[in-house]
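Me: I have a model open on my screen. Walk me through how to read it, one feature at a time.

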Amino acid sequence: MIREIKNGTLYFDGCNTVDLAEKYNTPLYVVSETEIVRRFDELKDCFVNRYERTRVAYASKAFSTLAMYKLCQREGMCIDVVSGGELFTAISCDFPAQNIEFNGNNKSYEELEMAIDYGVGRIIVDGLTELDMIEEICKTKAKIANVLYRITPGVRSDSHDYIVTGRKDSKFGIPLDEHILYPYIERAISSPCIDFKGFHFHVGSQLHDNSSHLQALDILLHHVTEVKRRFDCEVQELNLGGGFGVTYTDEERKPFSYFLEPMMEKIEGFFAQEGMKRPAIVIEPGRSIVAEAGISLYRVGQIKNIPDLRTYVSVDGGMTDNIRPALYGAKYSAVIAGRADEPAETEVTICGKCCESGDILIKDLLLPKVEQGDILAVFSTGAYGYSMASNYNKNPIPAVVFVKEGRSEVIVKRQTYQDLIKNEVLPERLTVAEQRTR
């Protein structure tokens with residue numbers, strides 16, 4: 001267990017969370033290396049080591065740092081990046097180029113050029129004009145790009161609209177219109193600069209039911225058959241995306257095998273029946289690797305009691321370090337780190353310090369009687385906390401600490417106030433401190 005209570009205090013991967021807050025200050029992201037490795041080991045057991053020609057590409061938009069990329073490399077994982085910044089981070093720590101997959105719905109020419117120069121293993125094409133840029137860059141540089149086509153399978157997933165990506169009305173993916181898709185595939189197959197590997201789909205995030213994955217897979221396999229029939233071309237690779245759900249409050253997290261076993265059974269049966277070699281299979285879990293591996297620590301400030309209505313407990317962070325509750329109503333659980341075993345009998349609402357009424361982290365949370373100065377530990381914040389953090393209201397982004405078996409180490413330094421303005425320039429015409437006269 002990475003979470004345990006000793007003498008009333010919450011420990012996380014062997015570290016006293018109150019001590020962490022004192023040592024590194026708050027707000028603070030705390031990420032368990034042990035938990036991340038445990039999730040990777042689960043994927044190795046049920047997928048990578050069980051089936052030939054399979055690999056895991058960690059969807060690093062969930063949590064992207066130099067240390068996380070090096071941990072992926074050490075554990076034999078590939079990574080999926082979706083921006084030039086994530087790619088640059090991977091390049092900066094010498095992540096193996098062939099183990100990088102470049103995703104995203106609006107890659108710029110400069111981003112594609114960076115990817116091709118570095119030699120990334122796969123470019124996942126998401127739009128009809130992207131191939132033009134890839135071909136132009138490859139011709140100029142005498143290179144060949146390995147590509148997958150991301151298709152929009154048009155299936156419904158049971159999740160929030162903001163994180164459902166596989167329906168027909170989506171900004172992601174190439175539409176499944178045969179007059180659009182197949183000429184585009186034919187062009188890639190015939191291009192001397194392109195190695196068309198196969199298809200990619202991603203149906204959404206935070207899913208606890210495997211039906212949308214299986215529906216999307218049926219659609220994908222139909223197009224595999226059509227590519228073979230129309231162009232005498234057997235796909236070499238299928239990427240099944242990720243989206244596997246985690247526990248934030250009371251959700252029942254399914255094991256990875258719940259999603260992967262029925263898909264692999266369907267895939268292997270299909271290719272055996274069609275008499276084709278089963279292609280390599282890739283998955284892209286992100287949230288399900290890091291969400292529960294992270295907690296956020298805050299210090300309680302003002303407490304405002306409105307009789308017969310609500311008690312607001314303000315903390316020294318908020319929507320700047322966790323936008324998800326304000327963005328799409330994400331729910332979390334939390335404890336008072338130094339009194340984690342006391343009865344939770346007081347209902348409070350945890351709010352942040354930003355000048356927004358919507359800066360609410362947790363509504364109607366049961367806690368022991370809260371006091372100013374308490375350390376609040378919010379669970380399952382390892383995904384999309386740090387990666388979506390902002391400087392709204394000129395708040396610095398918190399530090400990130402890796403913990404493992406009682407040891408802690410900073411992997412992202414806390415921003416300073418000086419960091420906030422280091423890219424700002426004061427125009428010469430405004431340097432005169434005189435009030436303008438009308």
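Predicted model: local features only at pLDDT ≥ 70, side-chain atom pairs only at ≥ 80, totals over all residues.

Me: Which elements give two or more residues to the lining of the largest cavity?
Reply: Strand 4 (28-32) and strand 13 (294-306) do. Strand 4 contributes the most, with 3 residues.

Me: Which residues line the largest cavity?
Reply: The lining consists of Y29, V30, V31, F63, G294, I295, T381, G382, Y386 and V400. By class, 7 are nonpolar, 3 are polar and none is charged.

Me: Now the sheets. How do strands hold together in general?
Reply: Strands of a sheet pair through backbone hydrogen bonds, either parallel or antiparallel. In this model, 3 strands make an open sheet in the order 1-2-3, with antiparallel pairing. Its edge strands are strand 1 (3-6) and strand 3 (15-16), each pairing on one side only.

Me: How many bridges link strand 2 and strand 3?
Reply: Strand 2 (residues 9-12) pairs with strand 3 over 2 bridges, in the antiparallel sense. Look also at Y11, which stands opposite N16 in strand 3.

Me: Let me try a single residue. Where does V48 lie?
Reply: V48 is in helix 2, which covers residues 33-48.

Me: Why does V48 count as partly exposed?
Reply: Because its relative accessibility is 26%. Buried would need under 20%, and exposed over 50%.

Me: What is V48 in contact with, leaving aside neighbours within four places in sequence?
Reply: L43, T54 and V56. V48 and I281 are 233 residues apart in sequence, yet their C-alpha atoms are 9.5 Å apart.

Me: Last point, confidence. What is the mean pLDDT of the protein?
Reply: The mean is 94, and 95% of the residues reach 70 or more.

Me: Where does pLDDT stay under 50?
Reply: Over residues 157-167. The model has 36 contacts beyond four places in sequence for that stretch.

How values were computed. Residues numbered from 1 in each chain as written. Heavy atoms only, no water. Helix = DSSP H or I, 4+ residues; strand = E, 2+ residues; numbered from the N terminus. Buried < 20%, exposed > 50% of the residue type's maximum accessible area, 1.4 Å probe, protein only. Contact = heavy atoms within 4.5 Å. 1 Å grid on protein atoms, 1.4 Å probe; cavity = no way out; pocket = protein on both sides within 12 Å on 5 of 7 lines; lining within 4 Å. Nonpolar A, V, L, I, M, F, W, Y, C, P; charged D, E, K, R; others polar. pLDDT = per-residue confidence, 0-100. Pairing = 2+ DSSP bridges.
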